[in-house]
Amino acid sequence: MSNTTITINGGSVRLTDDQIFLATRGQMPDKIQTYAVLVNGTLWPPIQLITLATGTPGSGGSVNNYNSHTALKALSELGFDTFERVEFKNNGRVEVRESRKRAGASQ
């Protein structure tokens, strides 16, 4: 089991890969905007994963809560494949290019 910490509301919160796996059970990913994380063969928005696992939503403009970059870093540290700047095919489906993949351990 991998673990890392993320700062939420000014405090450190410990996260594990198991928490992420469990948080996705019975859930559907939101629409991918810019960044994506691969969990069990499905692409997820990084902030949604951290929100599901911790119960605390992220905030792009807040210094107290995490943003996409912080979420990506934590999820990458947990070994998930993360992707920056996803692209969209003509049919609207998300396309992730290997060149946009951040280093992460295989699940």
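What share of the contacts in the chain with a separation of 6 or more is accounted for by residues 24 or more positions apart? Please then turn to helix α1.

Reply: This is a predicted model, in which local features need pLDDT of at least 70 and side-chain atom pairs count only at pLDDT 80 or more, while totals for chains, interfaces and linings use all residues. Residues are numbered from 1 along each chain as its sequence is written, and side-chain values use heavy atoms, leaving out hydrogens and water.

Residues 24 or more positions apart account for 51% of those contacts (heavy atoms within 4.5 Å). The chain has 3 helices and 8 strands, taken as DSSP runs numbered from the N terminus (helices H or I, at least four residues; strands E, at least two).

In α1, the residues D17, I20, A23 and T24 are buried (under 20% relative accessible area with a 1.4 Å probe, protein chains only; exposed is over 50%, partly exposed in between). They cover an arc of only 125° around the axis, taken from the directions to the C-beta atoms, which puts them on the same side of α1. Their cover includes β2, β3, β4, α2 and α3.

F21, also in α1, is partly exposed at 23% relative accessibility, whereas F80 is buried at 1%. The count is 1 aromatic pair, where ring centres of Phe, Tyr and Trp (its six-membered ring) must lie within 6.5 Å, with planes under 30 degrees apart stacked, over 60 edge-to-face and the rest tilted. The rings of F21 and F80 have centres 5.3 Å apart and planes at 65°, so the pair is edge-to-face. Because F80 lies in the loop between α3 and β5, the pair ties α1 to a part 59 residues away in sequence.
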